[in-house]
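The stops below are meant to be selected one after another.

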Amino acid sequence: MNNQGEKVEEYTIDSRDWETATYGALMFSLRKYKDRLEEERAYKLNSKPRELDVRIIDKLSGSEDRMDNAIAYIFEKHNIIELKNPREALNIDVVWKGISYVAQYKSSGFNDIIKKSGVDAISIDDVTLTFIRVSRPNNLFKEMISRGYEIENRFPGVYYIKGMADIKMQIVVGSELEGDEFRSLRIQKRNAKESDVQEYMVWTDTLNNPIDREMAELILMISYSENRDTYVRLRRYWNMKMTKSIMIRELFKEEFDELEQERRKDRALVKEELTEKQAKKMLRKGMPYEDIMEYTDLSIDRIRQLAEELEVLV
C-alpha cells in the first residue's frame, strides 16, 4: 500500500538491474556523441576474471573539441567507468580498488586500440576513471577531505578528485546532474521530481529501437521502485494519453482498462445519438414506426419516446 491506501505492484530489484539501468542512463546521456565514442561493457582486465563495468574509447581524444557533456567533459582516449547502485557502498576502499583497476589496465603492456605493445603502451595521461552513483556519497567525501584530497565540483553532480592518485578521476552523483540528457539518471533517485518522471515517460514513447525501449523500461522500473507514490499520482495524467510503453501499461493497467471502457461508452453514445438524430428526421417526414425501427434498429418504445419529444403523431 502507498500512503494513499492504494495497492501498487511490487517489483524486486537486484544489483544487476541497478547496474544495467545506470549503464543505460549513461549511454542515453551520451547519445549525442555515439559516433565519437566506442563503448564496451564488462571489459576483461588482462587475462584475469575481473571485468571493468564499462570501458569507453573516445576516438577523437587529443583534439581540442571537448564534449559538451558534464560526464564526458573529462574523457581522454581510455575511460573506465564503475557503476554503483545506491544500496552499494562507495567508500575509500572502493575508490582505491577502482584506481587499482586503472593501474592494471595501464600496465597491461598492450594498447588494443592502436595495437601497440611495450612499456607505457597506454599513457596514464590517456586514462580516466569515473564512478557513477545516483545518490551522493557523503561519508566518502568527508573522508577524502579529512585526508587532504581536493574535491572540485566541476559541474552540478560532477566532482573531480585530485591528490589521491596520478589519475584523472571523477565521482558523478546522478541525482544532482542538470540537463535533459541526464533525466534517465535523475529519475532513479528516491523522491525524484515529478516533472522529470513525467517527461521521461513521454520520452520513452519516442524510442523506436527495441533495445533502447527495453533499456528505457528497465530504468522506468527502477524509478518506479523508488518513487511509487509519484507514479500513482501520475496515473491521472496517463489516463489522458495513449502510450506505446509496455512498462507504463503494466504499471497503469487498471487505468488503461478503465480508459478503454470509457472510450467504448463514448463511441456507443455517439452512435446512439446519430441513430436517434436519423430517426427524428424520419419521424418529421411521417415515416411509419415499423419502417423507422427496421432502418435504425431502435425499439418501438424508443421511437414513440422520440415522437413525443418532437410532438409528432404518426
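Select Ser 29 and show its surroundings: leaving aside residues up to four places away in sequence, Ser 29 touches Asn 69, Ile 71, Glu 181 and Phe 182, where contact means heavy atoms within 4.5 Å. Ser 29 belongs to helix H1, residues 15-29. Helices (H or I, at least four residues) and strands (E, at least two) are DSSP runs, numbered from the N terminus. Ser 29 has a relative accessibility of 4% and so counts as buried; buried means under 20% relative accessible area, exposed over 50%, and partly exposed in between, with a 1.4 Å probe and protein chains only. The side chain of Ser 29 also reaches the backbone oxygen of Leu 26 at 2.6 Å.

This is a predicted model, in which local features need pLDDT of at least 70 and side-chain atom pairs count only at pLDDT 80 or more, while totals for chains, interfaces and linings use all residues. Residues are numbered from 1 along each chain as its sequence is written, and side-chain values use heavy atoms, with hydrogens and water left out.

Colour the chain by pLDDT, the predictor's confidence in each residue, from 0 to 100. The protein chain has a mean of 83, and 81% of its residues reach 70 or more. Now select residues 1-11: pLDDT stays under 50 there, and the model has 24 contacts beyond four places in sequence for this stretch. Where pLDDT is low, the predicted coordinates should not be read in detail.

Next, show the sheet. In what order do the seven strands of the open sheet lie? The order is E1-E2-E3-E6-E9-E8-E7, with mixed pairing; two strands pair if DSSP finds at least two bridges between them. Strand E1 (37-44) and strand E7 (150-155) are at the edges with a single partner strand each, so one side of each has no neighbour in the sheet. On average, neighbouring strands of this sheet are turned by 25° against each other, direction ignored.

Select E6. Seven of the seven residues of E6 are buried, so the strand is largely enclosed by the rest of the structure. Val 127, Leu 129, Phe 131 and Arg 133 point one way, while Thr 128, Thr 130 and Ile 132 point the other way. E6 pairs with E3 in the parallel sense over seven bridges, and Phe 131 of E6 has Glu 82 opposite. Six bridges join E6 to E9, again running parallel; Thr 128 has Lys 168 in E9 as its bridge partner.

Move to strand E8 (residues 158-162), joined to E7 by five bridges in an antiparallel run. Lys 162 in E8 is the bridge partner of Glu 150.

The C-alpha atoms of Tyr 159 and Ile 171 are separated by 5.2 Å, with the two residues twelve apart along the chain.

Go on to helix H11 (residues 289-296), whose buried residues are Tyr 289, Ile 292 and Thr 296. Looking down the axis of H11, these fall within an arc of 60°, so they line one face of the helix; the arc is that of the directions from the helix axis to the C-beta atoms. The face turned away from this buried side carries the exposed residues Glu 290, Glu 294 and Tyr 295. Just after H11, Asp 297 has a positive phi of about 65°.

Finish at Asp 120, in the loop between strand E5 (116-117) and E6. Asp 120 is not a glycine, yet has a positive phi of about 55°.

Terms used:
Axes are lines fitted to C-alpha atoms, for helices over the stretch in contact, and angles run from 0 to 180 degrees between N-to-C directions. A polar contact is a pair of N or O atoms within 3.5 Å; within protein, one must be able to donate a hydrogen and the other to accept it, and residues adjacent in sequence count only if both atoms are side-chain atoms.
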